[in-house]
Amino acid sequence: MSLFEMAKIPMEKASKLINLDPNAEAVISQPERTVEVSIPVKMDDGHVQVFTGYRSQNSTILGPGKGGVRYHQNVTLDEVKTLGFWMTTKCAVAGLPYGGAKGGVIVDPRKVSKTELEKITRGYIDKIAPLIGEKKDVPAPDMNTNAQIMAWMCDEFSKINCQYEPAFITGKAVSMGGSLGRNSATGRGVITATLEILKREGIKPEDATVAIQGFGNVGSWTAKIAKEKGLKIVALSDISGGIYDENGLDPYKVEAYAKEHEGLIKGYPGATAISGEAVLEQKVTVLIPAAMELQITAKNADKIQAKIIVEAANGPTDADADAILEKKGIPVVPDVLANGGGVTVSYFEWVQNLYRYFWTEEEVEERQEKMMVKAFANVYDAAKKYNTTLRVGAYIVALNALVEPMKLRGII
Ligand code: NAD
């Protein structure tokens with residue numbers, strides 16, 4: 001089964017539960033538009049290398065497409081379509097006036113020079129320029145892309161249109177119109193979702209222990225905000241392995257250690273070294289996968305001992321594992337809800353750029369929290385009403401948001 005087919009399973013379940021018009025499901029099941037582009041780049045040694053890029057615009061029913069651009073040697077169209085589908089759902093669940101989209105370029109950014117990376121980036125924007133724009137489709141960073149790459153994209157798109165185009169892209173540096181609070185936004189939202197599920201389960205934050213897989217942007221901010229909120233982090237991992245301390249790890253100290261050790265947490269003093277897999281299997285209150293797709297599968301789902309899972313990464317749990325966890329009675333706060341804080345603050349960046357009026361960090365955080373708490377309640381209530389999982393509940397919320405505008409606009 002392709003990743004895209006797997007991703008649609010909870011939507012199909014939700015669709016049955018709410019007796020969704022089959023025409024609506026048929027429309028949402030396919031991206032509105034996918035493009036594959038070739039990007040010829042004159043490399044530093046003079047030879048021309050042709051890179052492949054994709055953009056999948058899954059839905060523009062609720063507004064412009066919205067979604068990041070990923071640079072990775074293994075990017076596929078199936079992956080980009082899936083991530084775009086999740087963006088459609090995520091934006092609808094978060095209550096944002098956006099559709100969903102995603103892009104990718106097949107490149108290992110570690111294997112090209114900075115000049116080559118800039119040329120690839122500008123070439124990608126040249127090729128997809130007719131499809132993107134502040135009212136059409138708004139890109140953002142994703143795996144291996146950052147504020148520098150967004151700046152090149154913004155510059156290239158501004159040149160093409162002969163006008164400054166800050167609102168066409170989010171995840172920019174603050175000096176270029178980026179929003180305060182964006183770096184921490186996804187992790188902050190993950191912890192808002194964690195506190196909401198703990199409340200519903202009758203567990204006090206100070207009684208909760210946490211294990212987090214992944215210590216990049218999302219994992220490290222999730223850990224830092226978890227600590228601020230009084231949760232005890234007992235296990236952390238990154239690509240180099242895991243660390244455990246039953247008395248609690250200080251994420252600020254772990255981060256400082258990682259900065260001095262090539263960004264990796266391996267060897268962090270005072271903690272017990274454990275394997276990355278073992279971090280997923282700790283007896284904790286909350287397990288937060290914050291690394292990448294397909295980490296909880298039929299192979300390890302039975303070994304999960306956490307009381308609750310909050311998905312910070314996109315698609316960390318596969319369909320088989322989802323069924324096993326449901327049987328075990330472990331609630332999973334799904335990615336399309338839990339990591340929606342990032343796109344929510346991207347939305348705030350877009351709004352601020354459109355108005356050319358900027359908010360304080362406190363305003364951003366306050367508005368983000370309000371939207372996340374509301375989104376969580378909508379999903380939780382839908383899951384309770386239809387006696388289903390939170391993941392299917394999230395799809396119920398998204399489908400309900402999409403179906404009426406589809407009817408009113410005459411799409412179905
Ligand atoms: P990142 O590249 O900054 O960090 C990824 C982390 O995962 C790194 O610490 C890496 O060492 C670790 N990792 C990789 N493979 C691992 C493995 N097998 N075991 C343990 N750790 C491993 O990426 P990020 O921006 O933090 O994104 C993480 C996830 O969150 C991705 O699924 C991404 O799509 C999703 N996400 C990110 C954002 C955002 O705002 N950055 C928003 C929504 C969703």
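Glu293 is buried, with a relative accessible area of 15%, where buried stands for under 20% relative accessible area, exposed for over 50% and partly exposed for what lies in between (1.4 Å probe, protein chains only). The model is a predicted one, in which local features need pLDDT of at least 70 and side-chain atom pairs count only at pLDDT 80 or more, while totals for chains, interfaces and linings use all residues. Residues are numbered from 1 along each chain as its sequence is written, and side-chain values use heavy atoms, with hydrogens and water left out.

Glu293 sits in the loop between β10 (286-289) and β11 (308-310); helices (H or I, at least four residues) and strands (E, at least two) are DSSP runs, numbered from the N terminus. The side chain of Glu293 makes a polar contact with the side chain of Arg70 at 3.2 Å, a polar contact being a pair of N or O atoms within 3.5 Å, of which, within protein, one must be able to donate a hydrogen and the other to accept it, and for which residues adjacent in sequence count only if both atoms are side-chain atoms. When neighbours within four places in sequence are set aside, Glu293 is in contact (heavy atoms within 4.5 Å) with Arg70, Glu79, Asn314, Gly315 and Pro316.

The loop between β10 and β11 also holds Ala301, which counts as buried at 0% relative accessibility. Leaving out neighbours within four places in sequence, the contacts of Ala301 are with Ile296, Ala321, Ile324, Leu325 and Lys328. Between Ala301 and Glu366 there are 65 residues of sequence separation and, from C-alpha to C-alpha, 36 Å in space.

A further buried residue is Ile396, whose relative accessible area is 1% and which is found in helix α15 (residues 390-408). Apart from neighbours within four places in sequence, Ile396 is in contact with Ala14, Leu17, Ile18, Ala382, Tyr386 and Thr388. The C-alpha atom of Ile396 is separated by 45 Å from that of Thr115, which is 281 residues away along the chain.

Asn19 lies in the loop between α2 (9-17) and α3 (22-28) and is exposed, with a relative accessible area of 68%; its phi is near 50°, a positive value in a residue other than glycine. Glu262, placed in the loop between α9 (251-260) and β9 (272-274), counts as exposed at 76% relative accessibility, and has a positive phi of about 55° although it is not a glycine.

For the chain as a whole, the model contains 15 helices and twelve strands. The radius of gyration is 21 Å, close to the 22 Å that the globule rule gives for 412 residues, so the chain is as compact as a globular protein of that length; the radius is taken over C-alpha atoms, and the rule is 2.2 Å times the number of residues to the power 0.38. Along its principal axes the C-alpha trace spans about 55 × 55 × 45 Å. Buried residues make up 57% of the 412 residues, and of the contacts with a separation of 6 or more, 69% are between residues 24 or more positions apart.

The accessible surface of the chain comes to about 17,400 Å², with 51% of it belonging to carbon and sulfur atoms, as computed by the Shrake-Rupley method with a 1.4 Å probe.
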